[in-house]
Amino acid sequence: TGADSLTISALDGLAQMEPVGGKLDWGLKEMSRTLEGWFGVYHATDDLTMPFYRMSTEPTDEAAVKIEKAGHYCLAFVERDDADANLLPIVYDTSKVFGQNTPLEVPQAFKVSSVEDIVAEPQYGDAKTSSAFAALEAVQLAPGESIAITTFYGRAEHVEKVPKIAKKITKAGYASGKFERARSLINELTAGVETNTTSKLFDGAIKQMYLDNSLRGGMPHILGDVDDDAKYSNFDEDERVKVFHAFSRIHGDLERDYNAFLIDDTYFSQGPGNYRDVAQNRREDVTLSPRIGAFNVKMFLSYIQADGYEPLTVEAVVYMITDPNKAAQIAALTTADAKSAEVLTNILNGGPFRPGQLFNLIDELDVKLSVEKENFLDQVVAVAENIPMAVYGSGYWADHWEYYLDLIESYLAIYPDGEETLMYDNELRYFFSSATVKPRSDKYVLTMTYDGKGHHVQQLDSTYFDEEKAAEQEAFKDVNTGIIGIDAYWQRTEQGGRAFKSSPIAKLFLLGAIKYATRDAWGMGVEYEGGRPGWNDAMNGLPGMVGSGMPETYEMYLLLKYVKDVVDKFGRSVVIPAELNKMVKSINKALAKLEKSGWEEPDDLPFAVPEPLFEYWDIVASARENYRNDVQYYFSGNTTALEAEDVSDMIGRWLDQIEAGMARAIKFGSTGFGDDGTSGIPPSYFSYEVTKWTKNQGKNDVGLPLVNARAMKVGRFPIFLEGPVRQMKTIIDDKENLQALYQKVLNSGLRDDKLKMYLLSADLKGQSYDMGRMMAFAPGWLENQSIWMHMSYKYYLELIRGELFEELFFEMKGGGMLPYMDPDVYGRSLMECSSFLASSKFPDPETQGRGFSARLSGSTAEFLSIWKLMFIGPKPFFLDDNGDLKMQLVPALPEFFFRDDQSGSDPTFDEDGNYVVSFKLFASITVTYHNPTGSNMFRIKPSKYIVTMEDGKTEKVEGSEIPTKLAKKIRKIYGVSSIDVYF
C-alpha cells in the first residue's frame, strides 16, 4: 500500500503434516513419539517441490508386514492466469522453522534465518512429525500489488502419481477456477431451499442448515435415469430409479473429539451415520426432492428387527446385479474395447458395490469407458438391486423407531395417493443383529447400594453378543474373500430358508405391539429394557434403575393410532408372523383378566404398583420374552391374517390403556429442586425400585445373584423438555390445550429467562448419580440444565405444527432461534447450529449463551421442517372428497419476512404494489407469494395461482386448490417454471 516497491519472503502452510499408513488414531494419541519411527518424507523429484509424507510400513507387530505406498503430498505455487505456475519449494523439516520450540508456537529458528537460508540447508524428515510450509523467496511487489500462495494438500496412492497431480493443478487459472466452482456448487447444492425475504440472515441460515443437514443425513442423488420414462418417474414407480445419499457422516465435525470420521475419498463419498441422526435428517428428503418417493420409509422400516429394535449404524445402500447376462450387456454397451468389457463384466458380477467403489476399481483395472461416467452409472444401477446396509453397533436405543412416522407423514404430504400401496403392497425384510436382549430373569441383578448399606435390584447388561447368531452370519462368509455376505444381515426362516418379509403395515403393527408390551408396571412409560435410554442418552443410568420413558409412550400412542387409521381407511387384513400372533393373544388375554379383576384407579395414586397391575405387567412382559425366544434366530415362516376390524378393535383397547397411563403420569408428575410436582407439565422419565424379589438361582458374569421381581414402586425425576415436546404431538389438534402447555413450560424451571431459551432439564440438584452422566457435569454444561439446541428446536417445531404462530415467531425474533440470537453472546456464526449452549445456570458468566460442538446437529432437521411449514404448508398435496389429488399452498409467514425496518433490507414489490417473498419448490420451481398488505400470512388460503410453464405458457387457477392434472405436473416437475400465488 506504500509508494515504494517491496521485496518479501515468506513461509506459509501447516506446522504439522501427518503421514498416511494404517490405523493411526490410537497411535497418535497413545504412543506418538514411538510412532514417529515409521514416519518419513520421500520425494517425487530431486528438488523440494514434491515432498511425499508416508510411513515405511504399517505400524504393527503382526507377522504379516504391510509396506505402505500411499502418502500425503503438499504442492504450492503462486497462480497465474496467463501461464502455468512453477512449484515452490516446501520446508518440511520442523526444526528449521521452530527450532527447539516443540509446542510449535514460536518459529524460533525462522527468527534467525531467512527463507533462502532454510531452503538452501539440508532438511531431514525421518523419525519425526514433519511440517509443510511453502517457501516464497524474494518476490518483489509494486505499490498496490498483492500475491497469493495456493497450496494443495492431498493423498495419493503412490509417489509416482504426485507429478501428474502437480501438472494438473498448476495449469493457468486451475485453482481460481476450482475456487469459483466451489462457491457455485454450494449454491447448486442448496438450491432446494433458496429463499428470498427481507430477512437476509434467515435466507442465508436456511441454506447453511440444509447443507449441514445433508452432511449429517446425506444428500440424495437420483440415479438410473436411462430414458425419459425413468426421468419422469420416482423411486416407487420405476424399479430402475435408485436413490443414493452422498456426504453423510457421523453426527458431528472435527470439534467433537469423540467421533471418528470415515469418509471415502471417492466419487459419491459417504460415511456411516448413527441411526437416529440419519433417520431424522432425512425427514424432508421427499419434500425437497419428490422423486425419492418412499425410499427412506422402506429402507428404515426394513431395519426393524424381529425383537422390535434397530441397529445403531446406518451405512449407504449397496447395489448388486444378480443377472450375469445383464452385467455383460452393460459392459459391452459402455466400454471402449473387448478387454475392458471383460474386466467390467467381472467387476459387476463380483458382488455388491457402491458407486465410489465401482469407479475406483475401474481406475485401478484400467477399464476404458465409451460413455460419460454419469451415463455409465445410470445404466449400471438401473439393472441392479438396491440393498440397505447397517451395523448393530452397541446396545439398543429406545428411540430409534420414533422417527418413522415423521418419514411417513412427509411422504404422505407429497404422495397422499400412495398410502395404500406403500403400506400393503410392499414386502420388507427384518434386520438380523448379532445381539440379543436378555429376559428379566437374566438382567435383574441383586447388588450393593452405592452407600454400601444395603442391597437393591438393578437392570444390568441387558443385551449380550449372541454367538449362535454370529455363527449363523458366519455361514454366509465367502471362502475366497473372507467377507460375510449381505444376506447374513436379514432374518430368515428355518433350514436355510429365504429372508422373511412382511408388509410395512405389518411391521408397524409388530413394532407397536412390542412397544405396548414393554410398558412399565404402572402402564405409563415404555421401559428402557434394551440397555440404552432414548433420545436423551445422557440418562445412561436410567436402564439400570429399571427406568422407563414417557417420550416413547407418546410416540407409541401416535404409532398405534396411525396403524388403526390405516386399517380403518382401507379395510384390508394385516398379515403378521405366527409368533407375533401368539404374543398378541397372550396380551389380550391378560388385558381381559385385568379388566375383570375389579381394580379401580384411586384418586391418590400410591407409589407402590398395585398387585393387579403388577400381575398384568408380569404376564405381558413374559409374553414379550417368549415371543423373542421364538424368533431369536429364525421365523417359522408361518403367518396369521388379522382382519382389519379385529386389528382396529384390538388397538382401540390398547389405546385406552395407554391414555390411562398418560393420565397417571401427569398425576404422578415430577419432583426436584423447587418442583413440587404440580406444574402440570408431563414428566419424561420414571424409575422403578424392586421392593420384593426372589432369587432365581442364576448369576451374572461377575457372580452377582439374579432375581425375579415380585413387587415394585415408582420413582420420579425433575422435569425435562422432552416430555412436553413429545406430548405436544399427541394434542397437536387441540389448540387450547397446546397453548396452555406452552404457558406452563414458559413459566417453569425449563425457561432460561436471561437467554430467552429453553433448558434441556430443570434443576438437577439433589438427584442421584445413578441416573447417568449428566450428573457429572456442572449445571448449564452439556446435558445438565443446558440449552440443547436440538430439543429446543423440536419444541419450536411443535409450536408451528400446532399453529401457535404468534408464539413461534415471538420465540424466534426474541433471540431463541438462529439467526436471531445475539452473535456476541452466541460466539459463532449465526448461520450454524451448535449441539448445546451453556445456559445462564453455568457458573462462568462469560460462557453463558455460547454455543459448543458446532454445526452437524439434529437441529438442522427441525429447522428444515419449520421452513417447510412456513413456506409450503403441512399438506401441499391432498385427496379431496372424491379421492382426487389436489394441491394447495398455505404458508405461515410473519410480517417481518415481507417488511422489517430492523432488517436493513427494503421490501420487494410486484408490479401491482403487493409485497412479495419467494422460494424454490423442489429445487427448481420458483414460488412467489403476493401479499397485498405485507402483514402476517398465517394459513390464509390463496385466491388464485398463475403457473408458468417452461415454454412460456401460463395456466391461471382461480381459488385455493390446484386441480389434479396440473398438480401432478408440478409434483413431477414436468415443464413447470414458476408459480405465482395471490391472496
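Contact, as used in these legends, means heavy atoms within 4.5 Å. The views show a predicted model, in which local features need pLDDT of at least 70 and side-chain atom pairs count only at pLDDT 80 or more, while totals for chains, interfaces and linings use all residues. Residues are numbered from 1 along each chain as its sequence is written, and side-chain values use heavy atoms, with hydrogens and water left out.

**View 1. Helices α26 and α28 meet through residues of both helices.** Helices (H or I, at least four residues) and strands (E, at least two) are DSSP runs, numbered from the N terminus. The axes of α26 (residues 735-746) and α28 (residues 805-816) come within 11 Å and cross at roughly 25°, axes being lines fitted to C-alpha atoms, for helices over the stretch in contact, with angles from 0 to 180 degrees between N-to-C directions. Helix α26 is therefore roughly parallel to α28, a term for angles under 35 degrees. On the α26 side the contact involves Gln739, Tyr742 and Leu746, and on the α28 side Glu807, Phe810 and Glu811.

**View 2. Four strands form an open sheet in the order β2-β3-β4-β7, with antiparallel pairing.** Two strands pair if DSSP finds at least two bridges between them. Strands β2 (39-43) and β7 (149-156) stand at the edges with a single partner strand each, so one side of each has no neighbour in the sheet. From one strand to the next, the twist averages 25°. Five bridges join β2 to β3 (residues 51-55) in the antiparallel sense, and phenylalanine 39 stands opposite methionine 55 in β3. Helix α6 (residues 162-169) lies across β3, β4 (71-78) and β7, and runs at about 30° to β4.

**View 3. The largest nonpolar core has 220 residues.** Such a core is a set of buried Ala, Val, Leu, Ile, Met, Phe, Trp, Tyr and Cys residues joined through side-chain atoms within 4.5 Å, where buried means under 20% relative accessible area (1.4 Å probe, protein chains only). Phe509, Trp654 and Met712 have the most contacts inside the core, and helix α21 (residues 550-570) gives the most to it, with 11 residues. Among the residues that methionine 712 touches, not counting those up to four places away in sequence, are Tyr444, Phe607, Trp617 and Tyr688.

**View 4. Glutamine 632 is found in the loop between α23 (611-630) and β23 (639-642).** Glutamine 632 counts as buried because its relative accessibility is 12%. Leaving aside neighbours within four places in sequence, its contacts include Phe432, Tyr464 and Asp466.

Conventions. Angles under 35 degrees count as roughly parallel, over 145 as roughly antiparallel, 65 to 115 as roughly perpendicular and the rest as oblique. Buried means under 20% relative accessible area, exposed over 50%, partly exposed in between (1.4 Å probe, protein chains only).
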